[in-house]
Amino acid sequence: MKKSIIIILAVVAILAIWAVSVYNGLVTMEENVSGQWANVETQYQRRADLIPNLVNTVKGYATHEKETLEGVVAARSQATQIKVDAADLTPEKLTQYQKAQGAVTSALGKLLAITENYPDLKANQNFLELQAQLEGTENRINVARKNFNDAAQAYNINIRRFPKNIFAGMFGFDKKAYFEAEEGSEKAPKVEF
């Protein structure tokens, strides 16, 4: 009788230790996803902080390009108003966030395109430095988004595999959304000379 009680207690103890380990592992992975999301937001904020300086630099040279400059400022303003909590990364919210950031990317593309018409601006040291910082930030955004998607994928795989899916369901670990390519990005841009 004593042996069977000891065996039962040992099995229960092993299962309890395993359950705690699984739970802690899921918490760690979820926090990693949240941390990677914070890195994405940091890079988008860095870009948002660079935009006013870039716009003001261009404004001094391209005063009649008012519509483009206002479009960049408006897109930045709208993008900074959309906040997505890492704990609630639904595909809909992530799509809305991505759409706002895509508008900023598009507006910046137009801004940089008009600078081609201003040789003095292209030679301006402040503009060149801001443009280099912006290009670097765009690269950082891409890396941060990739790292976020990698962390979300690892997390999603983990919460869907048996038997962890049982714990994930019991303790409310939900699937995280991914960054996806923007609509129309499968088509190469048309360049004409």
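## Basis of the model

Helices (H or I, at least four residues) and strands (E, at least two) are taken as DSSP runs and numbered from the N terminus. The structure is a predicted model, in which local features need pLDDT of at least 70, side-chain atom pairs count only at pLDDT 80 or more, and totals for chains, interfaces and linings use all residues. Residues are numbered from 1 along each chain as its sequence is written, and side-chain values use heavy atoms, with hydrogens and water left out.

## Overall architecture

The chain contains 6 helices and 0 strands, and its pattern along the sequence is α-α-α-α-α-α. Along the principal axes, the C-alpha atoms occupy a box of roughly 90 × 30 × 25 Å. The radius of gyration of the chain is 24 Å, whereas a compact globule of 193 residues would have a value near 16 Å. This radius is taken over C-alpha atoms, and the globule rule is 2.2 Å times the number of residues to the power 0.38.

Of the 193 residues in the chain, 34% are buried; here buried means under 20% relative accessible area, exposed means over 50%, and partly exposed lies in between (1.4 Å probe, protein chains only). The chain exposes about 12400 Å², of which carbon and sulfur atoms supply 56%. These areas come from the Shrake-Rupley method with a 1.4 Å probe, and for residues only the protein chains shown count as cover. Where contacts (heavy atoms within 4.5 Å) are concerned, 81% of those between residues at least 6 apart in sequence join residues at least 24 apart.

Helix 1 spans residues 2–61 and includes Pro-52. Pro-52 counts as partly exposed, because its relative accessibility is 31%. From Pro-52 to Ala-62, a separation of 10 residues in sequence, the C-alpha to C-alpha distance is 15 Å.

The whole structure holds 4 salt bridges, each defined as a side-chain nitrogen of Lys or Arg within 4 Å of a carboxyl oxygen of Asp or Glu. One of them pairs Arg-47 with Glu-138, whose closest N and O atoms are 2.9 Å apart. Arg-47 belongs to helix 1 and Glu-138 to helix 5, so this pair ties together parts that are 91 residues apart in sequence.

## Helix 5 and the annotated region

Helix 5 covers residues 125–160, and Gln-131 lies within it. Gln-131 counts as buried because its relative accessibility is 18%. Apart from neighbours within four places in sequence, Gln-131 is in contact with Leu-54 and Leu-112.

An unreviewed UniProt entry annotates residues 127–154 as "coiled-coil region"; its positions are given in the numbering used here, feature names are shortened, and annotations may be inferred rather than shown by experiment. In the model, residues 127–154 are 100% helix and 0% strand, with the end C-alpha atoms 40 Å apart.

## Further salt bridges

Asp-150 and Lys-146 form a salt bridge through their side chains, at 2.6 Å from N to O. Because these two residues are 4 apart in helix 5, about one helical turn separates Asp-150 from Lys-146. Both ends are partly exposed, with Asp-150 at a relative accessible area of 33% and Lys-146 at 48% relative accessibility.

Lys-93 and Asp-88 form another side-chain salt bridge, with an N to O distance of 2.3 Å. Lys-93 is partly exposed at 34% relative accessibility, and Asp-88 is partly exposed with a relative accessible area of 31%.

## The cis peptide bond and the nonpolar patch

Most peptide bonds are trans. The bond from Phe-162 to Pro-163, however, is cis, with omega near 5°. Phe-162 counts as exposed because its relative accessible area is 66%.

Phe-162 also takes part in a nonpolar surface patch of about 560 Å², together with Tyr-23, Ile-166, Met-170 and Phe-171. Helix 6 (residues 164–171) contributes the most to this patch, with 3 residues. Patches are made of residues with over 30% relative accessible area and no salt bridge; like charges are joined within 9 Å, and nonpolar side chains (Val, Leu, Ile, Met, Phe, Trp, Tyr) within 5 Å.
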